[in-house]
Amino acid sequence: MTQDLAPSVREQTDGQHTAGWWRSAVIYQVYVRSFADSDGDGIGDLRGIRERLPHLADLGVDAVWLTPFYASPQADGGYDVADYRAVDPLFGDLQDADDLVRRAHELGLKVIVDIVPNHTSDQHEWFRAALAQGAGAASRDRYHFQPGRGGGGELPPNDWESVFGGSAWTRVTEPDGVPGEWYLHLFAPEQPDLNWNNAEVREEFDSILRFWLDLGVDGFRIDVAHGMVKAEGMPDIGRKEQAKLIGAQVLPFFDQDGVHEIHRSWRKLLDSYGGDRIGVAEAWAPSADRLALYVRPDELHQAFNFHFLNCAWDADAMRRVIDESLAATTSVGAPTTWVLSNHDVVRHTTRYGGGEPGLRRARAAALLMLALPGSTYIYQGEELGLPEVEDLPDEVRQDPAFFRTGSQDGRRDGCRVPIPWSGEAAPYGFGPGGSWLPQPAAWRELSVEAQSGDPRSTLELYRSALALRRQLSGLGDGPMAWLDAPEGVLAVSRPGFVCTLNTLAREVELPVPGRPVLATAALHFTGGSVHIPADTCVWWAV
């Protein structure tokens, strides 16, 4: 059998979501410029998102997370913010933002917006003032300006590298035309890092959060939540390829303990508003225990679990990551989050092997993810089974990591190609014009229109799974146990429910644990046994 037995519903099941909506929520990530275009300029916008919100309500998610739509020169897809209280004209205006939030709430969807506190744009009024006013000016203390090393200050202040490649420092020309101080940018040079030891920075971001909370947003995804505080003295790291150390060890610029004071103050601010407003940390930490520090009772509500995203297609590895993740978050009373893809990584359909095998595994991984305790994130297009676009020509690429490294490493454009909605030709209903990145011809078969109503499609699999997740009281937040299973197979037990995942490249035969309610491939039954195909996940009611 494949997906069936699950009508689309929006009602919350008794017992679910009672201790905070975020503990069991399914949150859908919208990469704004690639979701839907309303004005024909080839770039997605807020009005386009608002017009497509019924798709998300029908899909069965609880909330929408929007990537940055603030005023920005777009040096890094909007993560270089010039004005945190204005909407970039590419995406609309403040009225469009207000209309989107109101429409989402009408449909029963909550709205989470990105906040980018680690750095601003180099076009932000603060940074422009810092450059204009010169060394020693108070405006420079809002950022990390340092004198260089060497006899004439010609060398960077330390050996830190940018995540996007090259040095994390750029030297400025002072107002008198002489080369002067260096400023820190852990990402692109157009993204100078803020100094969170400066009281003005903290006060400004409190004001920014209140601005958007007053508009009605339900929470914030905090970009680079692990990077806002740098180690005292900014010591050298002493090795190259530092980006490979992110998430593997504590670095002097990432996962410093001082960030937690900031997040505790933000939690107080969020709690001062009604309606369960939440903070979500994008935090790369070297262990599940370190990540759990971000979601202690007086800190943030959720943190992305990148350890699960990075896990190989291997039953033992998956079980180990799941156990470590649950143990760490349970120790601080927080829900675990699960995510397979986002706007910064290769889509999991491709990571799992690509082609038909990759799609089989991606579908199976989705069912496992949705069966686990806690909250789940879905990246736009994964409900369509979209693969990574790996053959984009260099001339259309816009990821600054590509231009900084000149290589495939870190290129993110392939997961950001605008998604297909309908039609036989590009841009497949994305908008009345073209699309800012070209879409593959094969995507005509993967559009929302093409998959809707097809019981074997990935879209209908997601719709059925999300409907069942609401109907079955044992899913969402709550207890979980492992059942005995043969090598290469995972068997998850939840109250009244079992999830069986076969990660092997061959069929397995198991005792039937209950009534099948959803499967990613057709099952075969003989007597009291079920034959589960390779790379297949099954949900059972027991």
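**Figure 1. Contact between helices H4 and H5 in the predicted model.** From H4, the residues Arg-202, Phe-205, Asp-206, Leu-209, Arg-210 and Leu-213 meet Glu-261, Ile-262, Trp-266, Leu-269 and Leu-270 of H5, contact being defined as heavy atoms within 4.5 Å. H4 spans residues 199–215 and H5 residues 259–271, and they pack at about 35° with axes 11 Å apart. Axes are lines fitted to C-alpha atoms over the stretch in contact, and angles run from 0 to 180 degrees between N-to-C directions. Helices (H or I, at least four residues) and strands (E, at least two) are DSSP runs, numbered from the N terminus. Residues are numbered from 1 along each chain as its sequence is written. In this predicted model, local features need pLDDT of at least 70 and side-chain atom pairs pLDDT 80 or more, whereas totals for chains, interfaces and linings use all residues; side-chain values use heavy atoms, with hydrogens and water left out.

**Figure 2. The largest cavity.** Its volume is about 100 Å³, and the structure holds five cavities of 30 Å³ or more. On a 1 Å grid over the protein atoms alone, a cavity is a set of points where a 1.4 Å probe fits but cannot get out, whereas a pocket is an open set with protein on both sides within 12 Å along at least five of seven lines; lining residues have an atom within 4 Å of a point. Grid points are joined across faces, edges and corners, and a volume is the space filled by probe spheres set on them. Of the 14 lining residues, Leu-291, Ala-303, Asn-305, Thr-329 and Thr-336 are the closest to the centre. The lining comprises seven nonpolar, seven polar and no charged residues.

**Figure 3. The second largest pocket.** This pocket holds about 260 Å³ of space. Among its 17 lining residues, His-144, Gln-146, Asn-195, Asn-197 and Met-234 are the closest to its centre. Seven nonpolar, five polar and five charged residues form the lining.

**Figure 4. Backbone geometry at Pro-427 and Gln-74.** Ala-426 and Pro-427 are joined by a cis peptide bond, with omega of about 10°. Pro-427 is placed in the loop between helix H11 (400–405) and helix H12 (448–451). Gln-74, although not a glycine, has a positive phi of about 65°; this residue is in the loop between strand E3 (70–71) and strand E4 (83–87).

Definitions and conventions: Ala, Val, Leu, Ile, Met, Phe, Trp, Tyr, Cys and Pro count as nonpolar, Asp, Glu, Lys and Arg as charged, and the others, Gly among them, as polar.
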